[in-house]
Amino acid sequence: MNIPGKKLLLRNEMMLVAAILILSIVINIKSPGFYSFSTLFDLCRASYVQLIFGLGVLIVIISGGIDVSFPMVGIFSAYTTITIMDKLHFSQNGIIIPILMAIVIGVILGGFNAFAIAVLGIPTLIATLGTAGIIRGLMLAGVGSRLIQDLPNGLDHLATSTLIQIRNSGGTLSRLHLLIIPISILVLALGWILRRTIFGRSIYALGGGIESARRLGIPTKKLQVRIYLLVGGLAGLGGLMSVVLARQADPYSLAGSELDTIAAVVLGGASIAGGYGSVFGTVLGVFLIALIRDNLILLGISGSWERAAVGALLIIGIVTQAFIRKMKKRETQESHAEVQK
Amino acid sequence: MKQTFQNILKGQKKDGSQSQLFILTIVIFSAFSILKPHVFFTLLNIKSMGFQIPEIAILGMAVMLSMITGGIDLSIVSIANITGLTTAFMITQHPASTGMSLNLWIAFSMFIGLLLGLLCGVVNGFLIATVNVAPILATLGTNTLFNGLTVGIRNGESISRLPKQYVRIGNGTFLGIPMPLILLLIISILVGIYLNRTGLGLKTYLVGANRSVARYSGIEDKRILRITYLGSAFLAAIAGLIISARVASASPDYGADYVLLSIVIVVLGGVSPTGGFGKVTGVIMATSILQIILTGFNDLSFSQFFYLICQGLVLITVIGLNISRSKNPQKISTYVRLRRN
């Protein structure tokens, strides 16, 4: 039973690539002209925010935890940043200062999570549930609950910045958003950190089991603190990007999106039990969900069934992963049996 | 009276968290009663709490059942909504021409709604027990699917103008006691009997305490899991009926934040997230505590955002205290031993 390349074929990423290809071919048959730059660019734009959040969720899931506070961290950081910029009237045109400010606020809020998880030892789901409520309450009661429609000029300008413009045959313009560059860099950097650095490998080890990680000599508490600070920073960035792309700061937005993002990451092959997951898989998971969400109408399915389709796909993905895991397990058992012979 | 007092004292020795909750409930209730005697400590106010507590408490019990087996059910609100919406839709389609009485038709609609809820439970049980998917994942997927189906059925529209006979289930009183509260009482007694006085209940705890040990002791762990998720879905479906009757309408998006709220309640109520431990009384007291805080804050005309902060703080404090107080992993086995004697 040794088919060359079987291992590669059974990888979760390959399944996702296949799913994306098949789905896009079907859509293209139903509505020719689907394969175009404008579709691709739109899909990218629709994925940016969820991708940034997804990367944070991925890191937490690999480490064996679960985070439901990231949308609150994100919108708190973004809303507070915009409010401060508004009040102080400074650096209207800069974009570096607000981005840094949002990241720093995110890191501070991530510190709440780090404290509850690493210091108090509360299970991650419960700790982040608690901090999510506290952070949301603090924002709405302390910072403000009003919709801010005029963003600082710099950020507003960023919302419409384009990297490439392509004139279609129809005369319409397809725009690839400038954000593709920083986000690609972020994706590559996190992929590198997770695969190549001691910090990244320790995260996988922690997900394999806290006790075994400790026996390996990994300072688990310190590592958890670092993870939740990093994830807080990512959430802050993601929140600011969502505000920039929406071109308004709505303190009530993002609430309730946590389960969707976790679903995308899980579809991307991250194991909720910890220890497994890749950046590439997360990118594909987010992309696949965006593809379905935005193009179901082209398949002749009414838009109101979009959520059901995403749910069905998610279940198919989860079940496939379960079967692959079973097959792999059987294979290892067989090879063990052969060795013993 | 003396007997109950002694029981409470005895309970304190057996299980600190229950009496701790009991004391907390009384302290909070008295505090608000003293602060606002003419607004908070009135029959009207207490009655209104009696209308609001049941639906969340029943959802909490649904989560508790799954958590006792060491899992979690994130799909409860979707199941509640799919039941509520289907029932409401069927009621509005009453075929007056056939001469079937409205009351009978309402009962029939509720039956169909509950059946649909049970079907959702079968799907959850199949994924978790047969396919062997992690409960948090399986129900994350089915949550999206069930919610999507609910949106799809009616194009995301809500249904209102329900007949008086149905609305009475959620708004009527019997001997001055709110109907939902009576339903809650009946359901909690039934769930309590199931967990404490039947073989299935004991097996549920044992599967949660240690699944492999339970399996090697001859307990059909998969069957127990299937029954548990069926029970959890049934409770969620009942909550869905109560919700739609109380607000006299049904919508696919109702109570999106109830998922996380019911987890907060269950964990606050002393149910162990790792399984093997949980009591009905704990869940009801935890619901009451949160509701008293919410109503009390309203009466003190605090912003509802303070309630969010408070909810998070209470959760983290109580869990933090529990963890630091009982750092012995013996707790679960002690509990099982106590029950055997």
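Predicted model: local features only at pLDDT ≥ 70, side-chain atom pairs only at ≥ 80, totals over all residues.
Visitor: What is the mean pLDDT of chain A?
Guide: The mean is 84 in chain A, where 94% of the residues reach 70 or more.
Visitor: Moving on. At what angle do α12 of chain A and α6 of chain B pack?
Guide: Helix α12 (residues 258–267) of chain A packs at about 120° to helix α6 (residues 135–153) of chain B, and their axes are 10 Å apart. α12(A) and α6(B) are therefore oblique to each other. The crossing of α12(A) past α6(B) is left-handed.
Visitor: Which residues meet there, in α12(A) and α6(B)?
Guide: From α12(A), Leu259(A), Ile262(A), Ala263(A) and Val266(A); from α6(B), Leu137(B), Leu140(B) and Asn143(B). By class, that contact of α12(A) with α6(B) has six nonpolar residues, one polar and no charged ones.
Visitor: Now chain B. How do α3 and α12 of chain B cross?
Guide: The axes of helix α3 (residues 43–68) of chain B and helix α12 (residues 258–268) of chain B cross at roughly 70° and come within 8 Å. So α3(B) is roughly perpendicular to α12(B). Their crossing is right-handed.
Visitor: What residues does α3(B) bring to α12(B)?
Guide: Among them are Glu55(B), Ile56(B) and Leu59(B), while those on α12(B) include Tyr258(B) and Leu261(B). The residues of the contact of α3(B) with α12(B) divide into 11 nonpolar, two polar and one charged.
Visitor: Back to Glu55(B). Which side chain does a polar contact join to the side chain of Glu55(B)?
Guide: That of Arg246(B), at 2.8 Å. Arg246(B) sits in helix α11 (residues 221–247) of chain B. Setting aside neighbours within four places in sequence, Arg246(B) is also in contact with residues including Phe51(B), Gln52(B) and Tyr254(B).
Visitor: One more, in chain A. How do α8 and α9 cross?
Guide: The axes of helix α8 (residues 180–196) of chain A and helix α9 (residues 198–208) of chain A come within 5 Å, crossing at roughly 70°. That makes α8(A) roughly perpendicular to α9(A). The crossing of α8(A) and α9(A) is right-handed.

Definitions and conventions
Residues numbered from 1 in each chain as written. Chains lettered and ligands numbered in written order. Heavy atoms only, no water. pLDDT = per-residue confidence, 0-100. Axes fitted to C-alpha atoms, helices over the stretch in contact; angles between N-to-C directions. Helix = DSSP H or I, 4+ residues; strand = E, 2+ residues; numbered from the N terminus. Parallel < 35°, antiparallel > 145°, perpendicular 65-115°, else oblique. Left-handed = near helix turned anticlockwise from the far one by under 90°. Contact = heavy atoms within 4.5 Å. Nonpolar A, V, L, I, M, F, W, Y, C, P; charged D, E, K, R; others polar. Polar contact = N/O pair within 3.5 Å; in protein donor to acceptor, adjacent residues only side chain to side chain.
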